[in-house]
Amino acid sequence: MVADSSRIDRIGPGDLTELASDVGPVPLHVGAVIFFAGEGGSDPATLRAAFAERLSGIRRLRQRLIRPAPGLGRPYWFDDDHFDIDAHLSQVRCPAAGDRDAAITLAVEALTRPLPPSRPLWRALLVTDIADPHGHTAMVMVLHHVLADGIGGLAILAHLVDGVNSAASRYEDAPPSTSPRTGELLADNMIGRLHSVRRAPQALARLPDAWAELGRGSGGRAPRCSFNAPTGVRRAFRTVEVDLDTVRRTGRRRHATVNDVLLVAVGGALATVLHARGEFPSELVVSVPVSARTATTRGRLGNRVGVMPVRVPLEGTPHQRLVSVSRRTRAQKSSVRGLSAALMGPLFRILAAVGVFRWFVNRQHLVNTFLSDLPGPSSAVTLAGAPVTSIVPMIVGTGNIGVAFVALSYAGTLTVTITVDPDLVPEIDDLEDALREQFHAIIASEGGSAQ
């Protein structure tokens with residue numbers, strides 16, 4: 001029997017790596033909190049109805065992840081015959097003190113609670129009655145990382161906001177009516193392996209660029225610091241906002257990117273807290289995800305991401321550190337982005353297969369922290385007429401990464417979320433203050449002014 005590939009929607013190698021990596025005390029989820037203005041916008045009931053309609057229109061969010069028997073290939077997506085939007089989308093009032101921080105605390109709980117594997121791997125929470133002038137209602141969106149990387153998450157956001165063609169088909173392709181049979185899965189798995197063999201020469205030719213993206217192993221291990229210890233089940237968030245154009249202009253003066261400025265600010269903030277602990281490393285290694293694509297659609301989500309570990313100096317003036325980081329990142333970038341996944345992905349999957357991945361990530365000395373930087377909508381958007389005032393990105397730190405950062409730009413504002421295990425890093429308020437001060441120092445050193 002010849003496999004009908006249109007009937008079998010396998011997860012990709014990057015998705016398989018994310019699935020294999022989900023072995024920690026906190027599930028491997030990503031998400032965002034979307035805040036809406038209350039006055040002049042839609043009421044919660046209208047917002048909930050719009051979310052329910054538009055989320056149901058994304059086929060991947062109506063699909064379960066099916067894990068076939070050994071020998072039948074990678075897991076695959078298949079439509080959930082019992083899909084119920086109410087099992088995924090709920091509504092609650094913001095608890096005391098009813099402010100933005102209380103809403104984000106709800107988001108932390110939603111992010112760190114496991115998703116039932118028997119259903120599509122996402123949840124959403126509409127939070128009402130928030131006492132904050134910048135947002136009276138919020139939507140918390142949580143996805144398992146196997147569903148989408150950061151660019152995929154932005155594709156989902158693009159489908160939720162106003163302006164999407166409401167007459168578009170609910171599915172990008174006609175869904176299969178029956179589950180694939182064992183013979184189809186076996187044949188499809190064999191064909192997939194043959195394709196992998198045929199692509200092997202091209203993959204080997206790209207290994208030098210993949211090694212360059214990883215920094216060619218320069219510098220050896222990451223410096224030891226007390227932020228790197230096995231994490232537990234708790235997480236806490238703080239956010240820092242800065243004017244995006246100011247950050248962009250600051251970077252351009254030194255041929256640096258927004259991400260370079262972020263790296264220097266994050267490194268400086270971590271150094272401030274480490275110095276208070278009596279630790280004085282000269283540099284830290286920050287792992288930066290590198291997407292292999294610049295765009296995607298709601299029908300083609302998944303993960304196509306490599307990593308770029310950057311050695312960020314902690315000594316010298318902000319100007320000197322920015323010049324150094326910019327030089328290093330330019331040297332590590334290649335014409336084809338995300339190639340490092342071809343090296344790291346198989347390694348992680350092998351470690352997971354033999355049952356030692358969690359042991360490895362709890363003891364790794366490759367990186368000190370993570371920083372993701374996502375380009376959100378450049379202009380303000382609305383949903384059901386309600387203006388979106390801000391978007392707060394969310395990630396969880398894994399392994400022995402006690403502090404992680406994720407940044408997202410929206411309508412001229414760059415929002416940086418700090419995620420910590422509060423049992424390892426109780427100084428989260430100090431980190432927030434230090435990060436804000438680092439942005440001011442970097443901008444001031446280049447003759448600008450933070451807003």
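Is D423 buried or exposed? D423 counts as exposed, at 52% relative accessibility, where exposed means over 50% relative accessible area, buried under 20% and partly exposed in between, with a 1.4 Å probe and protein chains only. The structure described here is a predicted model, in which local features need pLDDT of at least 70 and side-chain atom pairs count only at pLDDT 80 or more, while totals for chains, interfaces and linings use all residues. Residues are numbered from 1 along each chain as its sequence is written, and side-chain values use heavy atoms, with hydrogens and water left out.

The model holds 17 salt bridges, each being a side-chain nitrogen of Lys or Arg within 4 Å of a carboxyl oxygen of Asp or Glu. In one of them D423 pairs with R234, with 2.8 Å between the closest N and O atoms. This pair links distant parts of the chain, 189 residues apart: D423 sits in the loop between β15 (413-420) and α12 (428-445), and R234 in the loop between α6 (207-213) and β8 (236-243). Helices (H or I, at least four residues) and strands (E, at least two) are DSSP runs, numbered from the N terminus. R234 counts as partly exposed, at 44% relative accessibility.

A further salt bridge joins the side chains of R93 and D129, at 3.2 Å from N to O. Because R93 belongs to strand β5 (residues 89-93) and D129 to the loop between β6 (122-128) and β7 (137-144), the contact ties together parts that are 36 residues apart in sequence. R93 is exposed, with a relative accessible area of 62%, whereas D129 is partly exposed at 45%.

E432 is buried, with a relative accessible area of 16%, while R436 is partly exposed at 31%. Salt bridges with shared partners bring R238, D429, E432, D433 and R436 together in one network.

Helix α10 (residues 341-353) can be read in a similar manner. Its end C-alpha atoms are 17 Å apart, which agrees with the 18 Å that its 13 residues should span at 1.5 Å a residue. M344, G345, F348 and L351 are buried in α10. Seen down the axis, the buried residues fall within an arc of 135 degrees, so they line one face of the helix. On the other side of α10, I350 and A353 are exposed.

I350 also takes part in a nonpolar surface patch with V354, V356 and W359, and together these residues have about 410 Å² of accessible area. Patches are made of residues with over 30% relative accessible area and no salt bridge, joining like charges within 9 Å and nonpolar side chains (Val, Leu, Ile, Met, Phe, Trp, Tyr) within 5 Å. Accessible areas come from the Shrake-Rupley method with a 1.4 Å probe, and for residues only the protein chains shown count as cover. W359 lies in helix α11 (residues 357-363) and is exposed, with a relative accessible area of 53%.

An unreviewed UniProt entry places the feature "transmembrane region" at residues 336-361 and 381-408. UniProt positions are given in the numbering used here, feature names are shortened, and annotations may be inferred rather than shown by experiment. In the model, residues 381-408 are 0% helix and 64% strand, with end C-alpha atoms 15 Å apart.

Two other residue pairs complete the picture. T413, found in strand β15, is partly exposed at 28% relative accessibility. D79 lies in strand β4 (residues 76-79) and is buried, with a relative accessible area of 11%. D79 and R60 are 19 residues apart in sequence and 8.1 Å apart in space, C-alpha to C-alpha.

How values were computed
Expected span 1.5 Å × (residues − 1). Arc of directions from axis to C-beta.
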